[in-house]
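Open the model in your viewer and keep the selection tool at hand.

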Amino acid sequence: MIELTNTNSAQIAAELQRARVRAGSPAMGMVMTLVIVVEEDDADGAMRAARAASHEHPARVLGVILGSARGAAEVNAQVGTGSGWTGETALIRLKGEVVKHPESVVLPLLLPDSPVAVWWPNHPPADPAADPLGKLAQRRITDAAAAARGKTTAIHTQCEVYTAGNTDLAWTRITPWRALLAAALDQQPLKVSHATVAAERISPSADLLAAWLSDRLKVDVDRKSSSGPGITEVVLDTKEGPIRISRPDGRLATFSSPDRPDRPVALKRRDLPELLAEELRRLDEDDVYAETARRLLKMGTKKK
Amino acid sequence: MTDNPLRDPRDRRLPRIAGPSGMVLFGVTGDLSRKKIMPAIYDLANRGLLPPGFSLTGFARRDWADQDFAQIVHDSVKEHARTEFREEVWQQLAEGFRFVPGAFDDDHAFDQLRRTIEELDELRGTGGNHAFYLAIPPGFFGDVVGQLKEHGLATPGEGSWRRVVIEKPFGHDLASARELQAVLGEVFPSDSIFRIDHYLGKETVQNILAMRFANEMFEPIWNSNYVDHVQITMAEDIGIGGRAGYYDGIGAARDVIQNHLLQLLSLVAMEEPTSFDARALRIEKQKVLSSVTLPRRLDLTTARGQYVAGWQGGEEVVGFLEEEGIKRSSTTETFAAVTLNVETRRWAGVPFYLRTGKRLGRRVTEVAIVFKRAPHLPFADSATEELGQNALVIRIQPDEGVTLRFGSKVPGTAMEIRDVNMDFVYGGAFTESSPEAYERLILDVLLGDPPLFPRHEEVELSWKILDPILDYWAAQDEKGKSKPDPYESGGWGPASADAMLARDGRVWRRP
């Protein structure tokens, strides 16, 4: 890691180039730029997750820490290429007036042509697409479940401001559940009359799963509270009996369906790097998420 | 499954999960089962792509119970699986292991196999869908499929399927390939027979089609106007190891050229298919294979060899004729090189050179498209002395990727042009560990998705290409005219292979 104090984008870019030559391979195999907007305390963890995720998607990872906006502008950076992976990182600390213009620092550091993703590990802006850094990106990743409080509000806020390119890790987390539920109906194409999602009392993922089921199946979906961890059970009621997936321990689920024996299914809660890697796999618009987000908002207003 | 409301073609996060099904594995103790098939099944489960209730039944002549079989799978998974071992994934799989002891001619054992499968349908919900994986020598295929038929295992019930999976060799010449097809075809319909050519499951091989047909910049020069010739190489650094019994009498051409290299040739040379479904791809591949012709003089355009003792990669190794189980008089070739012409407008006059061998310099498989020289060079001869021919190299394994080779000015005041490489490394731009070919292929078998499996028509066309060469070599042996040329282990094959290209004014690439 090379420390650059009181620096600017051109020097950071030059240092990235030098670091590549030092590592012995000046060629770039990177496929995207990942910008992480994070606070000092969470920077380490987020950069680690991004590095792990970029094993699958070699990326230039730019961590941006927005400090206090008071005082004279100052840009400091730590630059490095890790060993054992093809990406490169710069952790950039902004202080003073430049905090209001972070895009001026990031724009010159974006890789040519390739896509840009921005990720807010904890405090997303109220409207990611309108954010100065968010505007640079094709993919804007928020995480409602990481909000310190008001997680339920957080996912509603994100759904309200949804535009093409926005996504939330709460949605990413339920992919294995959705895959299994879809497979269940592949196996037995039964007509579902009602559904239930049981999860921790506060769980943006469970809310999204309920919204998705309601949107796709056009039925009422109950959202029940359990003691977790995460989502613990989904039941689809049919005339022939319930299709039930219950996962009390966050690891191994039991899959039961009408006239069929119960079967165990591995359904582990995934870590951050895996979620991030899935999110970066496709960078086009996620229509199904868009529809689910719309449905969640409708369901929310119905309750009130 | 279009009527499943939870499925949506736009929802590409959702993976394709195989429907309810089970697999019956014949030959559970072999290398193929332990090193490839079992780990691939675990890896599929770990990635959440196997259906709940998936069951694996082993069949072998061992006095085992279900747990013993489970232990074998457990050991193989621990040692060879690509993804990390997770207890909950193992639990999902473990309840579905069954073992049926018996020989291939044992009626009682096949009766029990049927009962086992029916029981699995009952207990695990496999829905009557079963794939029979014959990881056994092809000599037993006839016995096994005959038994499957006799005991009603080959006929699916209403709304379910039965499939059979076989590995190469698919015969040893056209006649035997047809015999094999007759044996299998009597029991299973063509679209239920899945022939595994694991090369076709490799990402880089599938990428050949993506590269050719999703881009604009390669296809215009992909023809005889610009291409001088094509070299397809599959080199192994190992010898025949313990496979003397299999290899003697088979040889490099039957073992590798007939399947892997001719499949690569057809992907490189074919015209654009109308779509990427199995039928459209097959039509184009068959077209190319049927337009392949051999040069008139096989003595000048083919080469064969046998490795002799020497040093390979710093280790002293014995020659082929000294390998255990090989007759001293064996004329089986361990190196084969052939020249093929593709008689189409696109490829008229462009030779395809195919070579494969054991105990060569290093393990590598690649396709090199070598371009013609620029027609006119506005540089002094001295400036371009070190400029070779432009080449596009598709590296299949290891170090998967694409290399573009072209001339570039050497920095300095004088004009000097030298070849440089531009590299695309798969592992650098995409996932670090791409799925094993077997994972993809086994999943495709369970999904019933056939594009990556060669059909018997392709197999027969490949034999039609190779048979005249094999006959020519056999005739040479009989007349005592020539034998495989000895070549030193650890090099790049016999001098006759170099001479074969030199006659055309060309040289082999050092891969």
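**Stop 1: chain A as a whole**

Select chain A, which has nine helices and 14 strands. Keep in mind that this is a predicted model. Along its principal axes, the C-alpha atoms of chain A fill a box of roughly 70 × 45 × 30 Å. The radius of gyration of chain A is 22 Å, which agrees with the value near 19 Å that a compact globule of 304 residues would have.

Now colour chain A by burial: buried residues are 43% of its 304 residues. Of the contacts in chain A between residues at least 6 apart in sequence, 71% join residues at least 24 apart.

**Stop 2: where chain A touches chain B**

Show both chains and select their contact, made of 34 residues from chain A and 36 residues from chain B. On the chain A side, α6 (175-187), α7 (204-217), β13 (252-256), β14 (263-266) and α9 (287-303) each supply at least two residues. The largest share of that side, ten residues, comes from α6(A). Colour the chain A side by class to find 18 nonpolar, five polar and eleven charged residues.

**Stop 3: two helices of chain B**

Select residues 251-269 of chain B, helix α9, and residues 278-290 of chain B, helix α10. How do they pack? Their axes lie 9 Å apart, at an angle of about 105°. Angles from 65 to 115 degrees count as roughly perpendicular, so α9(B) is roughly perpendicular to α10(B).

Show the side chains of B:Leu262, B:Ser266 and B:Ala269 in α9(B), which meet B:Lys285, B:Val288 and B:Leu289 in α10(B). The residues of this contact are four nonpolar, one polar and one charged.

Notes. Residues numbered from 1 in each chain as written. Chains lettered and ligands numbered in written order. Predicted model: local features only at pLDDT ≥ 70, side-chain atom pairs only at ≥ 80, totals over all residues. Helix = DSSP H or I, 4+ residues; strand = E, 2+ residues; numbered from the N terminus. Rg over C-alpha atoms; globule rule 2.2 N^0.38 Å. Buried ≥ 20, exposed ≤ 12 C-beta atoms within 10 Å, placed from the backbone. Contact = placed C-beta atoms within 7 Å. Nonpolar A, V, L, I, M, F, W, Y, C, P; charged D, E, K, R; others polar. Axes fitted to C-alpha atoms, helices over the stretch in contact; angles between N-to-C directions. Parallel < 35°, antiparallel > 145°, perpendicular 65-115°, else oblique.
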